[in-house]
Amino acid sequence: MKLGIVSAIYDGFTFEEMIDDASNKGLKCVEVACWPQGKAERRYAGVSHIDVDNTSMDYIDYVLDYCKKKNVEISSLAFYPNTMDGNLEKRSANIEHLKKVINMSALLGVNMVTTFIGRDQTKTVEENIEIFKEVWPPIIKFAEEKGVKVAIENCPMLFGPDQWPGGQNLFTTPKLWRQMFEIIPSNNFGINYDPSHFIWQQIDYIKPLYEFKDKIFHVHCKDIKLYTDKLNDVGVMAYPLEYMSPKLPGFGDVNWGKYISALTDIGYDSFVCIEVEDKAFENSKEKVLNSIELSTRYLRNFVI
């Protein structure tokens, strides 16, 4: 397995500065954020370290040469929008940009894109499955034509009132994964697995690794901390951020030894990217860099 970092935490850093820091910390890969320029609608969104609109060979060669020089591989190009937004104008714009990201991934020879399914948060699961049947087969067909795998992260995108009541990503549970993989039985359609999102949903985060081992294309390392006293006060029907918080790996409730052990059981030998979303390390550039250093140092116990 190759230990790396999700570049969204390097907000305000240039592509070169981001790659330099990853290289200096001995990380082997980067999941590179590729949002539309200036489009930040939430925390960790709007970051762009590769311009997917610039498809000139000079630019592509520059990106690849710089990464090669620094011994850092691009694990995937990342864009996490709501491609099933109830606002059809937003939905269309998100799908259009996602296709640009898929195209750039092919041009760079990365051949991996990490993203969300999306969801109309005002509609039922059943209604969203019907939207999925309409929206996603053409996207995966486009990815197949480009030779790109699309790995969907299992984050519910339900944290507070802005995402209430249903959240903004349908791809949240093993039951729903089975439905969606049955609808789109493509070898290019799979999972970007993040164990932390299962913890606050009270789902076993180890068991699905075995069932879906052939669908796991990419892996995240983010921790999460459940505050039992808060949960006892507000219950699971509250906004999730009222009783949990994303943390650095090792600072929360994920058992990283069991998680990485299970990955070795299923023969996963690809990218493992640290995702930093810990509010305790957001107040300065120094704290951001420290958070990456701490996460890297901790996960070196399990992944080289």
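Buried means under 20% relative accessible area, exposed over 50% and partly exposed in between, with a 1.4 Å probe and protein chains only. The model is predicted: local features need pLDDT of at least 70, side-chain atom pairs count only at pLDDT 80 or more, and totals for chains, interfaces and linings use all residues. Residues are numbered from 1 along each chain as its sequence is written, and side-chain values use heavy atoms, with hydrogens and water left out.

**View 1**
Q121 sits in the loop between β4 and α4. Helices (H or I, at least four residues) and strands (E, at least two) are DSSP runs, numbered from the N terminus. Is Q121 buried or exposed? Q121 has a relative accessible area of 18%, so it is buried. Leaving aside residues up to four places away in sequence, Q121 touches D162, Q163, W164, P165, G166, G167 and Q168. Contact here means heavy atoms within 4.5 Å.

**View 1. The cis peptide bond at W164 and P165.**
W164 and P165 are joined by a cis peptide bond, with omega about 5°. P165 belongs to the loop between β5 (149–153) and α5. Both W164 and P165 are among the residues that Q121 touches.

**View 2. Two asparagines with positive phi.**
Most residues other than glycine have a negative phi, and most peptide bonds are trans. N71 has a positive phi, near 60°. The loop between α2 (57–69) and β3 (73–78) holds N71. The relative accessible area of N71 is 63%, so this residue is exposed. N111 also has a positive phi, of about 60°. N111 is found in the loop between α3 (88–108) and β4 (112–115). Its relative accessibility is 29%, so N111 counts as partly exposed.

A pair of aromatic rings is described by the distance of the centres and the angle of the planes. Rings of Phe, Tyr and Trp (its six-membered ring) pair if their centres lie within 6.5 Å; planes under 30 degrees apart count as stacked, over 60 as edge-to-face and the rest as tilted. The structure holds 20 such pairs. In one of them, the ring centres of F181 and F212 are 6.2 Å apart and the planes meet at 50°, so the pair is tilted. F181 lies in helix α5 (residues 174–183) and F212 in the loop between α7 (207–211) and β7 (216–221), so the pair ties together parts that are 31 residues apart in sequence. F181 is buried, at 10% relative accessibility. F212 is buried too, at 6%. Both rings belong to one aromatic cluster, which also includes F132, W136, F171, W177 and F189.

**View 3. Lysines over aromatic faces.**
A charge sits over a ring if NZ of Lys or CZ of Arg is within 6 Å of the ring centre and within 35 degrees of the ring normal. K149 lies over the face of F217, at 4.6 Å from the ring centre. K230 takes up such a place over Y227, at 4.5 Å from the ring centre.

**View 4. F189 and the nonpolar core.**
In soluble globular proteins, nonpolar side chains tend to be buried together. A nonpolar core is a set of buried Ala, Val, Leu, Ile, Met, Phe, Trp, Tyr and Cys residues joined through side-chain atoms within 4.5 Å. The largest nonpolar core has 106 residues. Which residues have the most contacts inside it? They are I5, I50, I117, W136, F189 and Y259. Helix α4 (residues 125–146) gives the largest share of this core, 8 residues. Beyond four places in sequence, F189 touches several residues, including I117, F132, I140, F171, F181 and F217.

**View 5. V288 in helix α10.**
V288 is part of helix α10 (residues 285–299). V288 counts as buried, at 11% relative accessibility. I9 and F281 are the residues that V288 touches, not counting those up to four places away in sequence. The C-alpha atoms of V288 and M104 are separated by 28 Å, and the two residues are 184 apart along the chain.
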